[in-house]
Amino acid sequence: MTPLSPASPAPLVVYIDGVGLLGPGIDHWEEGRQQLAGLAPARRQKTVLPAPAALPPAERRRAGAMVKLALAVGLEALQAAGLDAAQVPSVFASSGGDGLNCHEMCMALASPEKFISPTRFHNSVHNAASGYWGIATGSMATSSVLCAYDGSFAAGWLEAVAQAVVDGVPVLLLAYDTDYPEPLRSVRPVPDTFGVALVLSPQRSARSLARCTLHGDACLTGDPADQLADPVLEPLRRGIPAARSLPLLRAVATRQAGRVVLDYLDGLQLALDIAPCA
Amino acid sequence: MQPLLLSHFTTTSCIGRGLAPTLASLRERRSGLQPCDFEGADLATWTGSVAGVDDEVLRDDLRAYDCRNNRLAQLGLRQDGFEQAVHRTVARVGRQRMGVFLGTSTAGILQTELAYRRRDPVSGALPADFNYATTHNPYSVSAFVRGFFGLEGPAMAVSSACSSSAKVFASARRMLEAGLIDAAIVGGVDSLCLTTLCGFNSLGLLSSRPCRPFDVNRDGISIGEAAAFILLERVPSSLDANAVLLRGVGESSDAHHMSSPHPQGLGARLAMQQALASAGLQAPQIGYINLHGTATPGNDAAEGQAVVALFGELATPCSSTKGATGHTLGAAGALEAVISALALQQGLMPGGANTEQLDPAIAVNYLMGNREQPVSSVLSNSFGFGGTNCSLVFSRAG
């Protein structure tokens with residue numbers, strides 16, 4: 001059996017049409033852009049999560065840090081791209097669930113009563129942020145929810161690029177992580193919350209910030225991932241899986257053309273070419 | 001969409017290890033559900049547990065992955081020559097060109113539940129032998145399978161509750177069509193744990209009897225566990241008539257509620273419509289529907305309305321196989337994809353187990369007994385918490 005494989009797969013091209021960013025010392029993309037471009041100093045400050053104003057009151061009360069984080073960056077990226085959430089498929093990538101919720105649930109299950117509240121349980125699913133996103137935006141478009149441990153951003157990137165190119169539609173990629181309380185923190189030392197969202201479009205638009213090209217047969221590489229020189233931002237990149245996206249965001253911020261290598265799986269990195277849109 | 005070939009598949013659940021016992025159970029209409037005896041769960045419910053999971057021993061180099069979920073994964077990989085089929089395909093396409101996309105809802109969270117019971121009485125620290133990354137993390141099962149076969153290509157876990165291992169087909173389809181890979185191991189693995197047993201109990205969604213999908217007196221789910229794997233490839237130039245193809249995929253979101261489906265099944269309907277459209281088929285061309293059919297009052301009513309809206313009243317034969325297997329959550333999509341493939345190859349539409357009196361308010365053509373007749377296309381539904389929906393269309397090649 002010889003599969004009918006494309007002789008030489010065409011490169012996958014997407015345009016970044018909007019960015020959302022929230023993390024330690026970074027309240028939004030413009031602030032992150034300036035820090036990544038060296039126009040403003042990076043700040044050592046705990047992440048500040050905005051209230052999820054888009055949710056109805058009942059869901060707003062139930063929403064944890066992960067939901068607030070995902071909603072904030074997702075809506076920022078969509079607004080920048082000038083798109084309505086209702087039409088845009090989404091890819092949610094997280095290295096784990098909501099850390100605090102997971103801890104509270106495991107504490108309850110280790111107690112004699114083993115009682116966990118309905119809200120605690122439904123917030124424990126890995127797709128909680130995706131579910132709340134649908135409720136907040138009314139979007140019935142498909143939403144994929146992934147995990148590849150520390151490589152979750154790159155896994156989400158591959159999924160979103162494939163979807164944008166194959167289905168010919170703009171896709172919203174969200175990657176986000178929250179920190180864990182002890183005792184989980186000792187075995188999963190994610191220090192703070194960090195989220196990034198990108199609108200990836202198969203066609204260039206007036207809003208396009210950068211053009212990204214993925215070569216199907218050469219995007220997986222053994223080359224080491226790019227690092228950041230900044231003494232505040234580089235520990236962030238290493239410490240929070242979603243922040244492994246920072247070398248890509250730096251290229252967008254500095255409007256540099258070239259190759260970007262991001263962390264993916266054990267011993268395997270993801271390479272792409274990026275060029276600014278004039 | 002470009003159809004894809006299910007070049008090899010296998011499943012292990014409470015109704016059998018591998019295809020032959022699974023098929024025999026379906027033919028005999030045997031349910032694998034038993035009163036719950038899961039350690040630490042004092043619940044009046046029934047579960048579909050797989051015998052012998054804890055006897056499975058992981059290879060030395062993969063010992064860090066040791067937990068019930070990965071043992072179940074290995075037990076599943078070892079049935080029906082699946083392991084050998086993967087090795088043959090890897091030899092043909094290369095280690096970097098084989099993707100691993102597996103669905104799971106809780107992976108090895110049981111390991112963390114157990115570790116929390118063994119916290120240090122003074123410091124509260126978790127025991128030193130606990131490894132979060134290789135057991136609890138959703139990716140652990142995909143990392144284990146990738147390691148099991150020594151693969152070097154793309155991999156991830158899809159974790160969108162009970163649609164997880166249906167949606168892996170959608171992800172693999174896009175990766176294959178984009179030319180990023182030449183073959184994929186897709187599937188789902190979910191194992192019993194206190195999180196889901198106690199969680200569904202707190203929502204009042206566990207039945208105290210073996211679950212009865214679409215029964216007028218249905219009162220909740222029975223939780224099961226399963227591992228199901230499918231090798232997915234582009235369609236070769238010549239095919240056996242009995243080969244099974246992934247023909248259509250539909251995905252949607254309810255945008256309604258975290259733990260209840262849209263009451264009219266709007267999201268479910270959208271997913272089924274898209275699956276039909278992507279397959280290029282009309283509703284009457286579907287011979288059998290493997291329903292999501294969890295046996296909660298709300299889910300079956302919503303899914304029933306969506307099926308009637310698209311297929312008409314008392315039209316396409318349909319059933320839920322969860323009365324036999326239990327609801328295997330993140331593994332359900334892949335398990336039921338394999339049952340759909342068996343239905344196509346064997347000309348067997350399995351009647352729903354346990355259901356005694358059909359709900360007259362749901363006008364679907366629910367099969368109370370097996371029907372033996374050739375089927376050319378099957379639709380399989382998987383819907384989950386958070387309003388995530390996925391429908392798949394499978395067809396016989398000839």
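Does B:Asn381 count as buried or exposed, and why?

Modeller: Buried, because its relative accessibility is 0%; the cut-offs are under 20% relative accessible area for buried, over 50% for exposed and partly exposed in between, with a 1.4 Å probe and protein chains only. Keep in mind that this is a predicted model, where local features need pLDDT of at least 70, side-chain atom pairs need 80 or more, and totals for chains, interfaces and linings use all residues. Residues count from 1 along each chain as written, chains are lettered from A and ligands numbered from 1 in written order, and side-chain values use heavy atoms, without hydrogens or water.

B:Asn381 sits in strand E16 of chain B, residues 377-384 (strands are DSSP runs of E, at least two residues, helices runs of H or I, at least four, numbered from the N terminus). Its side chain makes a polar contact of 3.0 Å with that of B:Glu303 (N or O atoms within 3.5 Å, one able to donate a hydrogen and the other to accept it; sequence neighbours count only through side-chain atoms on both sides). Beyond four places in sequence, B:Asn381 also touches other residues, including B:Met272, B:Ile289, B:Leu291, B:His292, B:Val307, B:Glu336 and B:Cys390 (contact means heavy atoms within 4.5 Å).
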